[in-house]
Amino acid sequence: MNELNLHALTGAYVLDALDGSERERFEAHLPDCTECRDEVSTLREAVTAMALGDVTAPAARLQAAVLAEIVRTPQVGPDVATAAADADAPAGIIAGATVTPIPTAAVVRRAPVVPAWRRWPAVAAAAAVLVGGVVTGGGVLYRGQQASIRAEATHDRMMRIVSAPDAVSHALDLGAAHVVMSGAMSAAVVMGENVPMPEHGAVYQVWMVHADGTAAAGPTFRPDSGAVMAIAEGDLSAVREITVTEEPMGGSTSPTGPVVARVAR
Amino acid sequence: MPEEPLLRVVRGHGTADGPAHGDAAAAPRASATATAAALLAEVARGSSVAFEELYPLIAGPIYGLALRVLRNPGLAEDVSQDVLVDVWRLAPRFDRSRGSAMTWILTIAHRRSVDRVRREQSQVDRTARVAAEREQDHDVVVGELERTWDTAVVRRALTTLTGLQREAIELAFYQGYTHDQVSAVLDVPLGTAKTRIRDGLIRLRDAMGVGT
């Protein structure tokens, strides 16, 4: 197969649609071809966006099984980064890569495994009781149950926002909360723990405040055992800041209560 | 007392992140933005604590993709476990200059899922089954992407694809087909299948504005 044909295989390679010998030949070609490497890595980002449409929470037992296994699984060394060294490693990313040497002491350092899974289910549980129409969550719910379908869609959406290439996280002075904003996803996610109950209103509400001072109404939310999660949808390009106010039950069309937290775009 | 902010782990720019919570052990990490790539870098240095923080970010995408390709929760869980352990094992080889952490991880997940689905099922059977499904209801396969991609960005990107491009991508990505099988099922020459897959992905990439 000549080089021109190999160039045409980037798409099939990215989708793992090459058979064994073609894959090997293409991976052997990659280190020598900047063009193919660049195309492979940019197409992979598009494929990642496809894959993130299918986020599904696995059974909780998987966490325990994986943690137990990594404790007894040695890591590969960073100094032998070739595709041939490990057939499982995706070569488009790894082959020909420059690898920063890591001191041996750092490689063998092992921190103790501490169970810390409560964080994730906490958000899902909180999301399930949220008031706002567009706000709900997944994570501990399972596919196939009618009630969980919308929750799952929102969970997926949240995952896509927080994993968007341009996602930025800012601390929000409301308990231990954060706002994750993604211009590409046109959305901001408020999430956190230890959030106190509203003092002056029934619910919190998220607002996208634009440069001209107008505020677009976002979802309302209430802490559940301190945990919150809410997704505000909208074009962020003209947004100056994200604010959270306290509002009466059901929320408001424009802010009426005190601003309890704000984050500049 | 919560240990650390819930999900302060995002890819992107190095902005200030959450407050420390008085937990001495958690404070150093809580004071700086930890990106998924940064977490993976810590995992590469042997930190199982960093791996625990990474897990909730990646387990859903990995399992979801495996389930989509394998269509069997047991097999998908099995493959997901292998992938997650691979993330740990191969983390020292991750190079962020080559792409995002999520992409590296999902590349491993897709590769393993496809390898598994090809082992589990006779390729002849699978080809026959999908050809039959296609015969019955042409929209079954074509509609897959619309059902799962719900953002405006992706919807817009999809409209730029031809029917053949979409089918070729879906067959390869979700069915684990080789391009030979794609060409057989779609009844187009192999060269056409290759071209449609590549052109389609390039259009998606450009329409979504990713990776550029």
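**Strands side by side in chain A**

Mentor: Let's begin with β4(A) and strand β7 (residues 239-247) of chain A, which run antiparallel and are joined by 8 bridges. Before we go on, note that this is a predicted model, in which local features need pLDDT of at least 70 and side-chain atom pairs count only at pLDDT 80 or more, while totals for chains, interfaces and linings use all residues. Residues are numbered from 1 along each chain as its sequence is written, and chains are lettered from A and ligands numbered from 1 in the order in which they are written.

Two words need explaining. Strands (E, at least two residues) and helices (H or I, at least four) are DSSP runs, numbered from the N terminus. Two strands pair if DSSP finds at least two bridges between them.

Look for Val209(A), which stands opposite Ala215(A) in β5(A). β4(A) and β5(A) form a hairpin with 4 residues between them, and in its turn Gly213(A) has a positive phi of about 95°.

How enclosed is β4(A)? A residue is buried if 20 or more other C-beta atoms lie within 10 Å of its own, exposed if 12 or fewer, and partly exposed in between, with C-beta atoms placed from the backbone. In strand β4 (residues 203-210) of chain A, 7 of the 8 residues are buried, so the strand is largely enclosed by the rest of the structure.

Next, let's turn to a sheet in this chain. Here 4 strands of chain A form an open sheet in the order β1-β2-β3-β6, with antiparallel pairing. β1 (168-172) and β6 (228-233) stand at the edges, each with a single partner strand, so one side of each is left without a neighbour in the sheet. From one strand to the next, the twist averages 20°; for such angles, axes are lines fitted to C-alpha atoms (for helices over the stretch in contact), and the angles run from 0 to 180 degrees between N-to-C directions.

Follow β3(A) through this sheet. Strand β2 (residues 176-182) and strand β3 (residues 187-193) of chain A pair in the antiparallel sense over 7 bridges. You can trace this pairing at Met181(A), which stands opposite Ala188(A), and at Val179(A), whose bridge partner is Val190(A). β3(A) also pairs with β6(A), again antiparallel, over 6 bridges; there, Val189(A) has Ile231(A) as its bridge partner.

Is β3(A) covered or open? It is mostly covered, with 7 of its 7 residues buried. This holds for both faces: Ala187(A), Val189(A), Met191(A) and Glu193(A) are buried on one side, and Ala188(A), Val190(A) and Gly192(A) on the other.

Finally, look at Ser186(A), which sits in the loop between β2 and β3 of chain A. These two strands make a hairpin with 4 residues between them, where Ser186(A) takes a positive phi near 50°. Ser186(A) counts as partly exposed, because it has 19 C-beta neighbours inside 10 Å. What does Ser186(A) contact, leaving aside neighbours within four places in sequence? The answer is Glu233(A), Gly234(A), Asp235(A) and Leu236(A), where a contact means that the C-beta atoms of two residues, placed from the backbone, lie within 7 Å. Ser186(A) and Glu233(A) are 47 residues apart along the chain, yet their C-alpha atoms are separated by 6.1 Å.

To place this part in its setting, chain A comes to 9 helices and 8 strands. Buried residues make up 49% of its 265 residues. Among contacts in chain A between residues at least 6 apart in sequence, 54% join residues at least 24 apart. The model as a whole scores ipTM 0.74 and pTM 0.54.
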